Amino acid sequence: MKALQYRTVGAAPEVVTVPDPEPGPGQVLLKVTAAGVCHSDIAVMSWPAENFPYPLPLTLGHEGVGTVAALGAGVTGLGEGDAVAVYGPWGCGNCAKCAEGKENYCLRAAELGIMPPGLGSPGSMAEYMIVDDPRHLVPLEGLDPVVAVPLTDAGLTPYHAIKRSLPKLVAGSTAVVIGTGGLGHVAIQLLRAMTPARVIALDVTEDKLELARSVGAHEAVLSDAQAAGKVRDLTSGTGAQAVFDFVGVEPTVRTAAAVAGVEADVTIVGIGGAALPVGFGLLPFEVSVTAPYWGTRAELIEVLALARSGAVSVHTETFSLDDAPIAYERLHAGTINGRAVILPNG
């Protein structure tokens, strides 16, 4: 089969031919119908050799949907041809967090060498992929694969982040979304569907701001040195009750801190690597700062239900598997408006 692999540290990903996988006991073989392209993959491919944590070659793709092609011994509850989405943050299934359904916060994954698809385990950018356990599959129930696949991360991650702040996002409140690309433009829709809050979107280009407006942002502000002041003006000087930074670089976390109001939530979702100092006098009183990771399987089910209701849709651009390296080049250059989706068998 064909697969997109990161094979050498520092090199571009390549489309290669690898043996067809076969499911072992308890595993599921999927014929991949769509795979999502994410900035996290670019981050992985930017790590130096001395810090690279995964075995190479690595088949990329941690967002995946497909149809069941074969079942390993002992697998029940699924049938060949079932259309499913892959829940990506695999855990042990037995620790205290996994027992709560929070496999994204599994306490033993590192110890046991359990890694998500595309982030250590072979991912979805291939004609077929192995899913380690049927509990990591969620029925699509009629959703288009291209629509559904970004929701497994670009939908699930902001949904998980926003749910934590729902008690603060009441009528008259303001939510700020910094970065309106793959995750951010979904976050705007989720905020509009789940809360009565006014949504202010920030980004660095007019194209991204226009996308933000088109999916429901009440205000769209250029993310520059004047952005924090403009947001303060829009909130009559009080700041926002929740700020979601989907970039996570030094300028954006500074802006997040500058637009947060008293008792606000600042949620740093982006993996740009910047830190936000927390201490008395550094932020408004009782501001909470958190850096969440992905979401729970139950939350993925909820996100897919929102998509079926029409409350959330993802702006996508599709590519063949052969053109997947071009999709990564364009994502790195910032010319993907929304989410790039690979069709390995399209």
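Predicted model: local features only at pLDDT ≥ 70, side-chain atom pairs only at ≥ 80, totals over all residues.
Ala148 belongs to helix α4, residues 145-148. Helices here are DSSP runs of H or I with at least four residues, strands are runs of E with at least two, and both are numbered from the N terminus.

Residues are numbered from 1 along each chain as its sequence is written, and side-chain values use heavy atoms, with hydrogens and water left out.

Returning to Ala148, which residues is it in contact with, leaving aside neighbours within four places in sequence? They are Val65, Leu140, Leu143 and Leu304, contact meaning heavy atoms within 4.5 Å. The C-alpha atom of Ala148 is separated by 22 Å from that of Ile326, which is 178 residues apart from Ala148 along the chain.

Now the protein as a whole. Its secondary structure comprises eleven helices and 16 strands. The radius of gyration is 20 Å, close to the 20 Å that the globule rule gives for 346 residues, so the protein is as compact as a globular protein of that length. That radius is taken over C-alpha atoms, and the rule is 2.2 Å times the number of residues to the power 0.38. The C-alpha trace spans about 60 × 40 × 40 Å along its principal axes.

Of the 346 residues, 52% count as buried. The accessible surface comes to about 14200 Å², and 54% of this belongs to carbon and sulfur atoms; the areas come from the Shrake-Rupley method with a 1.4 Å probe, and for residues only the protein chains shown count as cover. As for contacts between residues at least 6 apart in sequence, 70% join residues at least 24 apart.

I turn to helix packing. The axes of helix α1, residues 39-46, and helix α11, residues 324-333, come within 10 Å and cross at roughly 90°. That makes α1 roughly perpendicular to α11. The axes are lines fitted to C-alpha atoms, for helices over the stretch in contact, with angles running from 0 to 180 degrees between N-to-C directions. Angles under 35 degrees count as roughly parallel, over 145 as roughly antiparallel, 65 to 115 as roughly perpendicular, and the rest as oblique.

On the α1 side, the contact is made by His39, Asp41, Ile42 and Met45, and on the α11 side by Tyr328, Leu331 and His332. These residues divide into four nonpolar, two polar and one charged. In this scheme Ala, Val, Leu, Ile, Met, Phe, Trp, Tyr, Cys and Pro are nonpolar, Asp, Glu, Lys and Arg are charged, and the others, Gly among them, are polar. Within α1, the residues Asp41, Ile42, Ala43, Val44 and Met45 are buried, and their cover includes β1 (2-6), β3 (28-36) and α11.

A second pair is α5, residues 156-165, with α10, residues 297-309; their axes are 10 Å apart, at an angle of about 105°. Helix α5 is thus roughly perpendicular to α10. Here Leu156, Tyr159, His160 and Lys163 of α5 meet Glu299, Leu300, Glu302, Val303 and Leu306 of α10. The residues of this contact comprise five nonpolar, one polar and three charged.

What covers the buried residues of α9? The cover includes β9 (174-178), β10 (198-203), α8 (227-234), β12 (240-245) and β13 (260-268). The buried residues of α9, which runs over 250-259, are Thr252, Val253, Thr255, Ala256, Ala257 and Val259.

Strand β9 also holds Ala175, which is buried at 0% relative accessibility. Beyond residues up to four places away in sequence, Ala175 touches Leu169, Leu191, Ala197, Arg198, Val199, Ile200, Ala242 and Phe244.

Finally, some backbone details. A cis peptide bond, with omega about 0°, joins Leu56 and Pro57, and Pro57 is found in the loop between α1 and β4 (58-59). Ser236, in the loop between α8 and β12, has a positive phi near 55° and is exposed at 69% relative accessible area. Glu263, in strand β13, has a positive phi near 65° and is partly exposed at 44%.

Notes
Buried < 20%, exposed > 50% of the residue type's maximum accessible area, 1.4 Å probe, protein only.
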